[in-house]
Amino acid sequence: MAICRSIFISSTVPRRHLPHKIATFHPLPNFSLFTALPLRHRRSLDSFSTLSSSSSMDNPPEGYRRNVGICLMNPTAKKIFAASRLDMPNAWQMPQGGVDENENPRDAAIRELREETGVTSAEIIAEVPHWLTYDFPPHVREKLKQQWGSDWKGQAQKWFLFKFTGKEEEVNLLGDGTEKAEFGEWSWMSPEQVVDRAVDFKKPVYEEVMSVFGPFLQ
């Protein structure tokens, strides 16, 4: 609790360790993203008018690992799910993960959310219509090269905004049991808090994500 009090501006953000999970997932709506974007993020209407599989399947920049990011919103408090990494002390992040070969990023986002948080009661309501990239610092790149057996410059991410429709007891940081746990604690945070607690090399991407999804978080 001391960490939260030293970082956050007003009130203490509660941390949670919840073991229970539920096994349902809601259907995905057909959602028009164009009118929700701030003006500086809008492209021509011909480029994207609805959330479609074609936007998700665009090729990312060469040399970057395909990845998805999940911005899970609490619709009541308009706050975002963030969790602390077990392998990086004091580093908090939103769920994310690699896209398997021949996997659609939308499907990957649903899978990663379930694997990392146990959450299945959620709906995709928006998508960043282009890939966002970040470069690995040299020491991180070397570590991941050993871990993955591939030398990537960084990650190219497709980001999705999910609306949480379940109860908090559903959150389970052990995930669905198919992958090794990545997180130790979790909390609902404001967009500013999420960006502030992210590692430095991810901050620009997080700022962009919050800007695009901003209309839904007000």
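Eight of the eleven residues of α6 are buried, where buried means under 20% relative accessible area with a 1.4 Å probe and protein chains only. Those eight are K203, V205, Y206, V209, M210, S211, V212 and F213.

This is a predicted model, in which local features need pLDDT of at least 70 and side-chain atom pairs count only at pLDDT 80 or more, while totals for chains, interfaces and linings use all residues. Residues are numbered from 1 along each chain as its sequence is written, and side-chain values use heavy atoms, leaving out hydrogens and water.

Next, show M94, W159, L161, V194 and F213. These have the most contacts inside the largest nonpolar core, a set of 28 residues. A nonpolar core is made of buried Ala, Val, Leu, Ile, Met, Phe, Trp, Tyr and Cys residues joined through side-chain atoms within 4.5 Å. Elements supplying at least two residues each include β1 (64-74), α4 (138-148), β7 (154-164) and α6. The largest share is that of α6, with six residues.

Centre on M94. Beyond its neighbours within four places in sequence, M94 is in contact (heavy atoms within 4.5 Å) with I70, C71, I80, F81, W159, V194, Y206 and M210.

Move to strand β2, where six of seven residues are buried. Strands pair if DSSP finds at least two bridges between them, and β2 has the following antiparallel partners:

- β1, over two bridges; N74 has K79 as its bridge partner. The hairpin has four residues between the strands, and K78 in the turn has a positive phi of about 55°.
- β8 (residues 183-189), over six bridges; F81 is partnered by W188.
- β3 (residues 92-93), over two bridges; S84 stands opposite W92. Six residues separate the two strands of this hairpin, and N90 in the turn has a positive phi of about 70°.

Finally, select R85, D87, Q147, W148 and E182. Of the 30 residues lining the largest pocket, these are the closest to its centre. The lining comprises nine nonpolar, eight polar and 13 charged residues, and α4 gives the most, six residues.

How values were computed:
Buried means under 20% relative accessible area, exposed over 50%, partly exposed in between (1.4 Å probe, protein chains only). On a 1 Å grid over the protein atoms alone, a cavity is a set of points where a 1.4 Å probe fits but cannot get out, and a pocket is an open set with protein on both sides within 12 Å along at least five of seven lines; lining residues have an atom within 4 Å of a point. Ala, Val, Leu, Ile, Met, Phe, Trp, Tyr, Cys and Pro count as nonpolar, Asp, Glu, Lys and Arg as charged, and the others, Gly among them, as polar.
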